[in-house]
Amino acid sequence: MNNDTTNTNNNDNTEVWDSLMKTIFQRGLAAIRPFFPNVEGLIVTDEKFGQIFIYRVTNDFKKSYDCGFFLRELAEQFQDGGRDAGEWMASFFYELMKTSKGGRELPGPHESEEKEEEFIDHVLFPHCLGAVSEEFSPLRITGKRGLDDNLTPVLELGFMDIPTEKCVFPIHYLYKMMQLNRDPSDTLLIALTKLRQKHVVE
């Protein structure tokens, strides 16, 4: 195989990939429009997470709300024809509108790693632990920072009455969720509910 052939294959792959991303992006727009006619967006590429789809909805009061979605989750939503994708995507915008009457754009990046760490310690963790404790009250929740096998910083959550197993969440993923105007505690609650169901604990 010569260089010309290799370059042609790479170009073909790139074109196919770009076409797929545009298709998913357009399907996202189409899914949201029945709920919010005024919607626009863009695709951005993140170093850690790859393609992220950002949508902006403007309501009847001219207030704009931004929300981001990972490629993986949109692809999963559209697998069955996307019957419930619009309702699922719209739910995040409805939640933003309830909590931020004046509109809500995506937050800007933190100025430094120190500021990011402060945000994680003083905003992200308290929010996640508070949501989990409230949902499963009066059960006792365990939570701590740690490292997984790949030395990735993680948040370990579990229950005192299930000491043998914990749910582990990459901290950079939870942080990114908040940067996309998404509530990371949703992911935690789903995983912890599955953990209790697995162990059949009342």
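Predicted model: local features only at pLDDT ≥ 70, side-chain atom pairs only at ≥ 80, totals over all residues.

Modeller: Strands of a sheet pair through backbone hydrogen bonds, in either a parallel or an antiparallel arrangement. The sheet as a whole is open and has three strands in the order E4-E5-E6, with antiparallel pairing. Its edges are strand E4 (141-147) and strand E6 (167-170); each has a single partner strand, so one side of each is left without a neighbour in the sheet. On average, neighbouring strands of this sheet are turned by 25 degrees against each other, direction ignored. Helix H5 (residues 171-179) packs on the sheet and touches E4, E5 and E6. The direction of H5 makes about 60 degrees with that of E6.

As for the setting, the protein chain holds six helices and six strands, and from the N terminus on these run α-β-β-β-α-α-α-β-β-β-α-α. The C-alpha atoms fill a box of roughly 60 × 55 × 40 Å along the principal axes. Of the 202 residues, 36% count as buried. Among contacts with a separation of 6 or more, 54% come from residues 24 or more positions apart. The accessible surface comes to about 12500 Å², and 50% of it belongs to carbon and sulfur atoms. The chain carries 22 positive and 33 negative side chains, with the centres of the two sets 5 Å apart.

Key. Residues numbered from 1 in each chain as written. Heavy atoms only, no water. Helix = DSSP H or I, 4+ residues; strand = E, 2+ residues; numbered from the N terminus. Buried < 20%, exposed > 50% of the residue type's maximum accessible area, 1.4 Å probe, protein only. Contact = heavy atoms within 4.5 Å. Areas by Shrake-Rupley, 256 points an atom, 1.4 Å probe, with all protein chains shown as cover. Lys, Arg positive; Asp, Glu negative; His and termini not counted. Charge placed at Lys NZ, Arg CZ, Asp CG, Glu CD. Pairing = 2+ DSSP bridges. Axes fitted to C-alpha atoms, helices over the stretch in contact; angles between N-to-C directions.
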